[in-house]
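Here is a short briefing for a first look at this structure. Please keep the sequence and the model side by side.

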Amino acid sequence: MKAPRELWTSRVAFILAAAGSAVGLGNIWRFSYVVGTNGGAAFIIVYLIIIAVIGYPMMVTEIALGRKTHKNAIGAFKALAPNTPWWLVGALGVLAGFVILSFYSVVAGWSVSYIFKTIGGSLGADADFAGVFVGHITSAWAPVIWHAVFMAITLGIIAAGVVGGIGRAVRILMPALFVLLIILVLRSLTLPGAGAGVAFILQPDFSELTAQSILGAVGQAFFTLSLGMGCMITYGSYLNDKDDVPDNGAWVVALDTGVALLAGFAIFPAVFALGFDPAAGAGLAFITLPAVFASMPGGVLFGVLFFVLLSIAALTSAISLLEVVVAWLVDEYDWSRKKASLIIGVLIFLVGVPASLSNGAISFNIAGMPFFDFLDFLQESILLPLGGLLTAVFAGHVWTAKKTREYANTERGKIVLGGWYDVLIKYIVPIAIAVVMIFGLIDKFS
Ligand code: TRP
């Protein structure tokens, strides 16, 4: 006899888990460098509009598909459109979960190792910060070992189940994350000269905006909200039928956006106060910030808190990525949760090894880029937009927007999806994604 499928123990458990999935490296590491390189406040405004117009409708759609079917990413499409190829959308999602986690865990491993580098003193005031970072990510062993440690923790949590693993972990980790973030914001805002950083994120200069940055905002919105790959379908599938979709979805989007903005307030005031460049790019969190911490009072403590925060955020996202793949094997092939977590966790670890090594230890290129960059390109430019586009078309035109929305609304909810939802999910969302995807690919290969 198969054990009955688990359900979240409460609505708060779902919100914490889904917000845990959404809040990740994307909110802190990626958001800060994308904002930094795109001119700050003006970009943030565009980003907020995209979150509302594209992110929120996609969020409620995915949660509704999950709650309706109580199935994994692939099973949900099979249940709603039996004997059609729509299940392939779910398959794209499962593949994306695999691909994303294999390099996400490598970056998470960098973050964990930076906790110890900060404590160990290798990031003191006279350190060569860029040299330490490049040295770390291009070395053969250290990043692979931290990637292994991180994957082991991730698979351990997933093996322990939806309630006993994910639910329990997020109940501890998410409050910890909020506390750490608030401490860092207070430290950053009270540094002399912090005002310039605050202005950078609050005073828009629209001349800084380019078409490119608008495309970047859409990509960032998908990634940060964990959309386009069945992650929210999977988490939504553990909701009780009576639980509301529009309100819960709004909580998740609001928490994710709030954390991203707070991360901005933790990072930019300090960067400006200590005279660093906000447009440092992908190295912002690992090169600029350690330098910032090294030159501020109490820097070791705040540096450690920052990398603990980043690692926790990464962990609650990593478990959601693994869960997409594991839920599929458990639902569709009756694998035990332990077996699925172990086998898939190890396979993802193994794919992550060449990804990590391709950063410099060995030369391993695919499509003209290091394997690591290729995996990131694959998810960002192809898997997530394609998955999101097809999910929107499915919900809007196949299952139909009206049915999706009527199903999602419950009497308990404060937010009611109305005709505006239909317009967004049928036309605006798919067209916006298609445009972004096409321009993104043209840009990449021209
Ligand atoms: N949202 C997470 C972040 O911001 C990453 C993530 C978790 C994700 N699950 C996902 C991204 C599903 C895309 C799809 O770091």
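In which helix is Tyr427 found? Tyr427 is in helix α18, residues 419–445; helices here are DSSP runs (H or I, at least four residues), numbered from the N terminus. The model is predicted: local features need pLDDT of at least 70, side-chain atom pairs count only at pLDDT 80 or more, and totals for chains, interfaces and linings use all residues. Residues are numbered from 1 along each chain as its sequence is written, and side-chain values use heavy atoms, with hydrogens and water left out.

**Surface and cover**
- Tyr427 has 43% relative accessibility, so it counts as partly exposed. Buried means under 20% relative accessible area, exposed over 50%, and partly exposed in between (1.4 Å probe, protein chains only).
- Ser381 sits in helix α16, residues 371–398. Ser381 is buried, at 15% relative accessible area.
- Beyond its neighbours within four places in sequence, Ser381 contacts Met437 and Leu441. Contact means heavy atoms within 4.5 Å.

**Nonpolar cores**
- The largest nonpolar core has 156 residues. Such a core is a set of buried Ala, Val, Leu, Ile, Met, Phe, Trp, Tyr and Cys residues joined through side-chain atoms within 4.5 Å.
- Trp8, Phe14, Phe286 and Phe306 have the most contacts inside this largest core. Helix α14 (residues 299–333) gives the most to this core, with 21 residues.
- Another core lies apart from it and has eight residues, among them Leu65, Ile233, Phe394 and Trp399.

**Helix α13**
- Helix α13 spans residues 284–294 and is mostly covered, with nine of its eleven residues buried.
- Its buried residues pack against α2 (25–37), α5 (87–120), α6 (129–138), α12 (246–273) and α14.
- Phe286 is one of these buried residues. Residues up to four places away in sequence aside, Phe286 touches partners including Trp29, Trp110 and Leu310.

**Aromatic pairs**
- The whole structure holds 26 aromatic pairs. Rings of Phe, Tyr and Trp (its six-membered ring) pair if their centres lie within 6.5 Å; planes under 30 degrees apart count as stacked, over 60 as edge-to-face and the rest as tilted.
- The ring centres of Phe31 and Tyr47 are 5.2 Å apart and their planes are at 55°, so this pair is tilted. Both Phe31 and Tyr47 are buried.
- For Phe293 and Phe306, the centres are 5.8 Å apart and the planes at 45°, so this pair is also tilted. Phe293 is in helix α13 and Phe306 in helix α14, 13 residues apart.
- Phe293 is buried at 9% relative accessible area, and Phe306 at 3%.

Key. Helix = DSSP H or I, 4+ residues; strand = E, 2+ residues; numbered from the N terminus.
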